[in-house]
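The sequence and coordinates are shown first, and the remarks come after them.

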Amino acid sequence: MTDISDRLSESDGIVRAQYEWSSTLPSTAVVETVAVAINREPTATEPLYESVDPDALDALMQSDSVQTAAESVTISFVFADQEVTVHSTGEVVVRAVTLDD
């Protein structure tokens, strides 16, 4: 599994990782962080494109206008039965999907 331990924190079933979008594609960061959360190799997850367009995610998070904006952009979606939130600040937050009865 990819070693992301230097950018990772886990508590109460929530996995958080911090990335620099200039050196890591947001789509790659999502796959890496979810793999840690579900304790699988990144290649053992379903394809990211089944949940979100990886190219669009990368383009939006790496946009010059987002990086210079006073407000950050946040995208949330479900991937591999995990709730994923990606912030333009470089943070990826992953938690298990909860089902409400």
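1. A residue is called exposed when its relative accessible area is over 50%, and buried when it is under 20%, with partly exposed in between. Asp-81 has 62% relative accessibility and therefore counts as exposed. The coordinates discussed here are those of a predicted model.

2. Overall architecture. The protein chain has three helices and five strands. Along the sequence these elements follow the pattern β-β-α-α-α-β-β-β. Of the 101 residues in the protein chain, 39% are buried. Among contacts with a separation of 6 or more, 54% are accounted for by residues 24 or more positions apart.

3. Packing of H1 and H2. Two packed helices are described by the angle between their axes and the distance between the axes. Helix H1 covers residues 26-38 and helix H2 covers residues 54-61. Their angle is about 115°, and the axes lie 7 Å apart. Angles of 65 to 115 degrees count as roughly perpendicular, and H1 and H2 are therefore described as roughly perpendicular to each other. On the H1 side, the contact is made by Pro-26, Ser-27 and Val-30, while H2 contributes Pro-54, Leu-57, Asp-58 and Met-61. Sorted by class, this contact has five nonpolar residues, one polar residue and one charged residue.

4. The loop between H1 and H2. Asn-39 is found in this loop. Phi of Asn-39 is near 60°, a positive value in a residue other than glycine. Asn-39 has a relative accessible area of 65% and is therefore classed as exposed. Glu-41 also lies in the loop between H1 and H2. With 40% relative accessibility, Glu-41 counts as partly exposed. The C-alpha atoms of Glu-41 and Val-31 are 9.3 Å apart in space, for a sequence separation of 10 residues.

5. The salt bridge. How many salt bridges does the count come to? The count comes to one salt bridge. Arg-16 forms a salt bridge with Glu-91, and the closest N and O atoms are 3.2 Å apart. The pair links distant parts of the chain, since Arg-16 belongs to strand S2 (residues 14-18) and Glu-91 to strand S5 (residues 91-96), 75 residues apart. Arg-16 has a relative accessible area of 33% and is partly exposed. Arg-16 and Arg-95 are 79 residues apart in sequence, with their C-alpha atoms 8.9 Å apart in space.

6. A further position in S2. Gln-18 has its place in strand S2. At 38% relative accessibility, Gln-18 is classed as partly exposed. The C-alpha atoms of Gln-18 and Thr-33 are separated by 9.7 Å, the two residues being 15 residues apart along the chain.

7. The aromatic pair. A pair of aromatic rings is described by the distance of the centres and the angle of the planes. The count comes to one aromatic pair. The pair is formed by Tyr-19 and Trp-21, at 6.0 Å centre to centre and with 5° between the planes. Planes under 30 degrees apart count as stacked, and the pair of Tyr-19 and Trp-21 is stacked. Are the two partners buried or exposed? Tyr-19 is buried at 2% relative accessibility, and Trp-21 is buried with a relative accessible area of 4%.

8. The loop between S3 and S4. Ala-80 is found in the loop between strand S3 (74-79) and strand S4 (82-87). Although Ala-80 is not a glycine, its phi is positive, at about 55°. Ala-80 has a relative accessible area of 14% and is therefore buried. Asp-81 is found in the loop between S3 and S4, and Asp-81 counts as exposed at 62% relative accessibility. Leaving aside its neighbours within four places in sequence, Asp-81 is in contact with Ala-96 and Val-97. Asp-81 and Val-97 are 16 residues apart along the chain, and their C-alpha atoms are separated by 5.8 Å.

Definitions and conventions:
Residues are numbered from 1 along each chain as its sequence is written. This is a predicted model: local features need pLDDT of at least 70, side-chain atom pairs count only at pLDDT 80 or more; totals for chains, interfaces and linings use all residues. Side-chain values use heavy atoms; hydrogens and water are left out. Axes are lines fitted to C-alpha atoms, for helices over the stretch in contact, and angles run from 0 to 180 degrees between N-to-C directions. Helices (H or I, at least four residues) and strands (E, at least two) are DSSP runs, numbered from the N terminus. Angles under 35 degrees count as roughly parallel, over 145 as roughly antiparallel, 65 to 115 as roughly perpendicular and the rest as oblique. Contact means heavy atoms within 4.5 Å. Ala, Val, Leu, Ile, Met, Phe, Trp, Tyr, Cys and Pro count as nonpolar, Asp, Glu, Lys and Arg as charged, and the others, Gly among them, as polar. A salt bridge is a side-chain nitrogen of Lys or Arg within 4 Å of a carboxyl oxygen of Asp or Glu. Buried means under 20% relative accessible area, exposed over 50%, partly exposed in between (1.4 Å probe, protein chains only). Rings of Phe, Tyr and Trp (its six-membered ring) pair if their centres lie within 6.5 Å; planes under 30 degrees apart count as stacked, over 60 as edge-to-face and the rest as tilted.
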